[in-house]
Amino acid sequence: MGKIAMSSPLLFLLIIALFPNAFVEYSLHIQINYDNQVYHLSELLFENVTRVCYNNATFAYNLTVYVLNFSQILTSSTILDNVSLPETFFYIPNVGEPVIERGVILSLLSSNKSNYVYYGKTFIGYIELEYFYYVNSTGVPYKIVILQIGESGQIVSNTTYTLVSSNLVNPNEQPILPDGFKFTNDSNIINLPISLDLNSDLDQVVGKYISFVTLLLIFVLVMVKIYASRKKTSSS
């Protein structure tokens, strides 16, 4: 730790900022436009630092996604990230810089006193994703908007993250997590297709997770419609 502090005082401060049990918690509202209909999905995303390695300036955190619509846990993953320049963990230590090197490169769009708006764009195949990060001097984004754009330029999905709680903002804050949720593969109510390599996608860029959830929700809604249709036919 002393070697890092001597070679880079700023890096030392960043390591102090990210400590074991540091967490950020967001509520997610996903609006999906599909087949001339609008669908909504509500989630809770919890990122919790489990380990900080001072030798190579990395840290590990757990990511857990709660799907509130179905009272289920979609995934719980351990992800490695960089202390000085986190790529996926929702913390920006160098807020105010014109360019932020994350999984998706963010450029400063506007600023007002200690509030900053960053913009980024990426493509996953033919899917375009646009990112808007709203962050203040704490470095923890208080709102994130991700737009998934279709091939014709239409908005396929709109995902809004709203900060619920973080001890990086207020050391006295505690997580507010739902009780009684089960992993999807343990549920007898809805069998969600988790065969895709979701953990690998999450390691790379959160946008892939958004695309996955969009497709996942569409699949679930279609299956529910088919099930309801069959029930109606059998009862008649």
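The model is predicted, so to speak, with ground rules: local features need a pLDDT of at least 70, side-chain atom pairs count only at pLDDT 80 or more, and totals for chains, interfaces and linings use all residues. Residues are numbered from 1 along each chain as its sequence is written, and side-chain values use heavy atoms, with hydrogens and water left out.

Confidence comes as pLDDT, the predictor's score for each residue from 0 to 100. The protein averages 77, and 70% of its residues score at least 70. Strand S5 comes out highest with 96, while helix H1 (residues 2-7) sits lowest with a mean of 36. Helices (H or I, at least four residues) and strands (E, at least two) are DSSP runs, numbered from the N terminus. Residues 1-15 stay under 50 and have 16 contacts beyond four places in sequence, a contact being heavy atoms within 4.5 Å. Residues 186-205 are also below 50, with 36 contacts beyond near neighbours in sequence. Where pLDDT is low, the predicted coordinates should not be read in detail.

Next, the sheet. It is open, has 11 strands with mixed pairing, and runs in the order S5-S6-S7-S8-S9-S10-S1-S2-S3-S4-S11. S5 (99-100) and S11 (182-183) have a single partner strand each, so they form the edges and one side of each lacks a neighbour in the sheet. Strands count as paired if DSSP finds at least two bridges between them. S5 is joined to S6 (residues 106-112) by two bridges, and the two run antiparallel; here Ile 100 stands opposite Leu 106.

Two loop residues have a positive phi without being glycine. Ala 57, in the loop between S2 (37-53) and S3 (58-67), has a phi near 55 degrees. Lys 113, in the loop between S6 and S7 (115-124), has one near 60 degrees. Most residues other than glycine have a negative phi. Buried means under 20% relative accessible area, exposed over 50% and partly exposed in between (1.4 Å probe, protein chains only).

Beyond four places in sequence, Phe 59 touches residues including Leu 18, Val 49, Ile 79, Pro 86 and Phe 89.

Lys 121 and Glu 128 make it, at 3.7 Å from N to O. Lys 121 is partly exposed at 43%, and Glu 128 is buried at 15%. Glu 25, in S1 (residues 23-34), is buried yet has no salt bridge, and the nearest side chain of opposite charge, Arg 102, is 17 Å away. Lys and Arg count as positive and Asp and Glu as negative, with His and the chain ends not counted. Among the contacts of Glu 25 beyond four places in sequence are Leu 44, Phe 46, Val 164 and Ile 176.

Definitions and conventions. Salt bridge = Lys/Arg side-chain N within 4 Å of Asp/Glu carboxyl O.
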